[in-house]
Amino acid sequence: MATFRHIKPPIAILTDFGYRDHYVGVMKGVIARIAPNASIIDITHGIPPQSVIAGAIALRESWRHFPAGTIFLAVVDPGVGTARLPIAIRTRNGSWFVGPDNGLMWLAADEAGIKTQIELVPELYHSGVFSRTFHGRDVFAPAAAYIWQGRPPKSLGHKLATIEKLALPTAKAIGRGLAGEVIYVDGYGNLVTNISRSDLERLRASFPGRRLLVKLESGGKIDLRNTYGEARSGAPLATIGSFELMEIAVRDGNAAVRYAAGIGTKIKVVVEK
Amino acid sequence: MATFRHIKPPIAILTDFGYRDHYVGVMKGVIARIAPNASIIDITHGIPPQSVIAGAIALRESWRHFPAGTIFLAVVDPGVGTARLPIAIRTRNGSWFVGPDNGLMWLAADEAGIKTQIELVPELYHSGVFSRTFHGRDVFAPAAAYIWQGRPPKSLGHKLATIEKLALPTAKAIGRGLAGEVIYVDGYGNLVTNISRSDLERLRASFPGRRLLVKLESGGKIDLRNTYGEARSGAPLATIGSFELMEIAVRDGNAAVRYAAGIGTKIKVVVEK
Amino acid sequence: MATFRHIKPPIAILTDFGYRDHYVGVMKGVIARIAPNASIIDITHGIPPQSVIAGAIALRESWRHFPAGTIFLAVVDPGVGTARLPIAIRTRNGSWFVGPDNGLMWLAADEAGIKTQIELVPELYHSGVFSRTFHGRDVFAPAAAYIWQGRPPKSLGHKLATIEKLALPTAKAIGRGLAGEVIYVDGYGNLVTNISRSDLERLRASFPGRRLLVKLESGGKIDLRNTYGEARSGAPLATIGSFELMEIAVRDGNAAVRYAAGIGTKIKVVVEK
């Protein structure tokens, strides 16, 4: 009677569905019906509504910490019900990314190494009514569950030549520094920029022994630190955060509020005169 | 030494406890002590505080997507500690609904088909102090866990003749249209009405080829669309949503804010003159 | 090929990381890589940012409801990247508490009975880059997962003589009553005080048959009740809550908002004249 839960990689879910409604719970119910022994891990459901870029960055920062073979189910889908395709991407480590073809999964899947990509054809694998507004429930969750179960990809759709890419703005070298911008704001109000650790190391190598200053559009000047803890409470700091990118924080505070800054806010790093 | 996790249906939890406190975590700890191999799925804990109707609708929209035999543990309980009974309802598909007898579980259980209903008598199955304010921990979570473990219902309480029902307002036919109201507002601000797909189909059949318009109390007039994507960004639309009910949305926006609308707001669908 | 999920106690996680970002999901991915068959339970991730005291109280209120042997992974860590130590505490019931040495785990571990305590040395068990800002991912989650796997503690660090304690303010007897304060505010706005059931019982024993009144700094006077349900909608009440401490609530309302009260607000219980 009783069978057992395999140690297979989990299904990891990321959405912008929030925590108020039953939408995520329903997706998990759909998975439990098809793949009752799958482990499900929530990456987050708090992606700002319909922010494909924020979702793409969160997924890129997450995928490599999960077991090889994890099925990533990602739904941030402002175009639900339009012509955008439902897709599944297989990567070199045996993982899958299942979700809408709007760039959401591009940064992560590209970093993991794309092997094949398919257009999902839900009529092949799902019976019953299809909602035009809730593909998470009717298209993506069943696909993820069937893939987890080992159903062959060709029974879920057909090969796809290309998928949507997503390009993040890149930091540029300027006279005596770097020009970048904020690409993500986290729940603490920390401002994550597109200036990387190696960008900063190159700048430091060009101006050895010189102090670097971070400047915001609003006029703020901030010191580069090694940790949050080096600033006193209430003081701003810039440091390399867990994304391996420079981020601006306020110790025990909220940098997004303090500097009225958000995605797209311009940031410079300059060599002190 | 090691035993194994059965593939049995999960325990699925819905509450209004929110995500700030440890209350939901404690309920899961209680379940893990009694039924260590039970899978637990969160439906949501974001039901607006003490909104029995919102919880009832969310549960009705969820139950059928879960495996037959799922134990639903639902706690939205403004009357905790008063005379309202703790109950468990068995439905025809072998599922159980465990929670307070205040109508919260009525819509779902009635749709699933009620087979038996029992009044829980926690003294029969739970030792230790009972909190008067946290029956989720001391009454409902242990009951759900014991039921999951297969403990006979008669060891948890006694049969109950009737339970509280919950009636949602229904849409009515008016001269050349339908009069309904908002019964649920989701986290995106979408206004879910009590006007169903079949209500609209009947209206369309009576006035073939005529355009239908949705009217709000505030004077707004909105077109019926097939998907969110058919409206341009910032524009309102009405469509059949994932509840199989007409809902009013703003593409890339928030209809509840735009129309200052909420539960109880009157909505009409009329045939254009 | 397939191996099975043991019924071992879960890893239970409590953080202040919130629900917007992928940070908690990443910690779970790290655990799934190291301990793929571990069950993970969220206690909460909604601890107010960097509120070590709120986290410590939530953990103290939670631990005893979990199976003996549970690994508690707790991260509220304003000093991340500074000299504060990463630690793991073993308690008499075979549980572990893994997190920063800032008092966060003290109330719970002390109540459970501390057996040994170790300073984690992540270089002993974790390879790869260490973030200075995300020890939840790089230090604490791997330690919890390896402990769950049964790796000997001495391979994770070395014994520690003392750890940080945390003292909560205690209620005091005054002339004809008790003087205490608010120590926790929950998501409903209920004000949990440091006045315990036994404090109230002692006061009642000293003044038999006399009515007790609860007084707030702001001038509010509130009756002691047995349950929330005894107050009419919108009315305030004081009752023994699920913490076994006196809490002040507003039926169907928010006491923190009503009385502009929060952690540290002074509360008295007095014998009516």
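**Charges and contacts: a short tour**

Hi everyone, let's start on the surface of chain A, where R176(A), R210(A), K215(A), K221(A), K268(A) and K273(A) gather in a patch of positive charge. Before going further, please keep in mind that this is a predicted model.

Let me pick out one member of that patch. R176(A) sits in the loop between β8 (172-174) and β9 (177-185) of chain A. With a relative accessibility of 39%, R176(A) counts as partly exposed.

Now, on to salt bridges. How many salt bridges does a search of the whole structure find over all chains? The search gives 33. I'll show you three of them.

Staying in chain A, E272(A) pairs with R211(A), and their closest N and O atoms are 2.9 Å apart. E272(A) lies in the segment after β15 (266-271) and R211(A) in the loop between α5 (197-206) and β11 (212-216), so this pair ties together parts that are 61 residues apart in sequence. Both partners count as partly exposed: E272(A) has a relative accessible area of 28%, and R211(A) comes in at 41%.

Over in chain B, R64(B) and E111(B) meet in a salt bridge of 2.6 Å, N to O. R64(B) is in the loop between α2 (52-62) and β3 (71-75), while E111(B) is in helix α3 (residues 106-112), so the pair ties together parts 47 residues apart in sequence. R64(B) is partly exposed at 35%, and E111(B) is partly exposed at 38%.

Chain C gives us a local example. D199(C) forms a salt bridge with R202(C), with 2.8 Å between the closest N and O atoms. Because they are three residues apart in helix α5 (residues 197-206), about one helical turn separates them.

Let's finish with some buried residues. In chain A, T239(A) belongs to strand β13 (residues 236-240) and has a relative accessible area of 1%, so T239(A) is buried. A polar atom of the T239(A) side chain lies 2.8 Å from the backbone oxygen of R225(A).

In chain B, look at helix α4 (residues 135-149), which holds H135(B). H135(B) is buried at 15%, and a polar contact of 3.1 Å joins its side chain to that of R84(B). Helix α4 also holds R137(B), which is buried at 8%. R137(B) and I31(B) are 106 residues apart in sequence, with 9.1 Å from C-alpha to C-alpha.

Notes. Residues are numbered from 1 along each chain as its sequence is written. Chains are lettered from A and ligands numbered from 1 in the order in which they are written. This is a predicted model: local features need pLDDT of at least 70, side-chain atom pairs count only at pLDDT 80 or more; totals for chains, interfaces and linings use all residues. Side-chain values use heavy atoms; hydrogens and water are left out. Patches are made of residues with over 30% relative accessible area and no salt bridge: like charges are joined within 9 Å, nonpolar side chains (Val, Leu, Ile, Met, Phe, Trp, Tyr) within 5 Å. Accessible areas come from the Shrake-Rupley method with a 1.4 Å probe; for residues, only the protein chains shown count as cover. A salt bridge is a side-chain nitrogen of Lys or Arg within 4 Å of a carboxyl oxygen of Asp or Glu. Lys and Arg count as positive and Asp and Glu as negative; His and the chain ends are not counted. The place of a charge is taken as NZ of Lys, CZ of Arg, CG of Asp or CD of Glu. Helices (H or I, at least four residues) and strands (E, at least two) are DSSP runs, numbered from the N terminus. Buried means under 20% relative accessible area, exposed over 50%, partly exposed in between (1.4 Å probe, protein chains only). A polar contact is a pair of N or O atoms within 3.5 Å; within protein, one must be able to donate a hydrogen and the other to accept it, and residues adjacent in sequence count only if both atoms are side-chain atoms.
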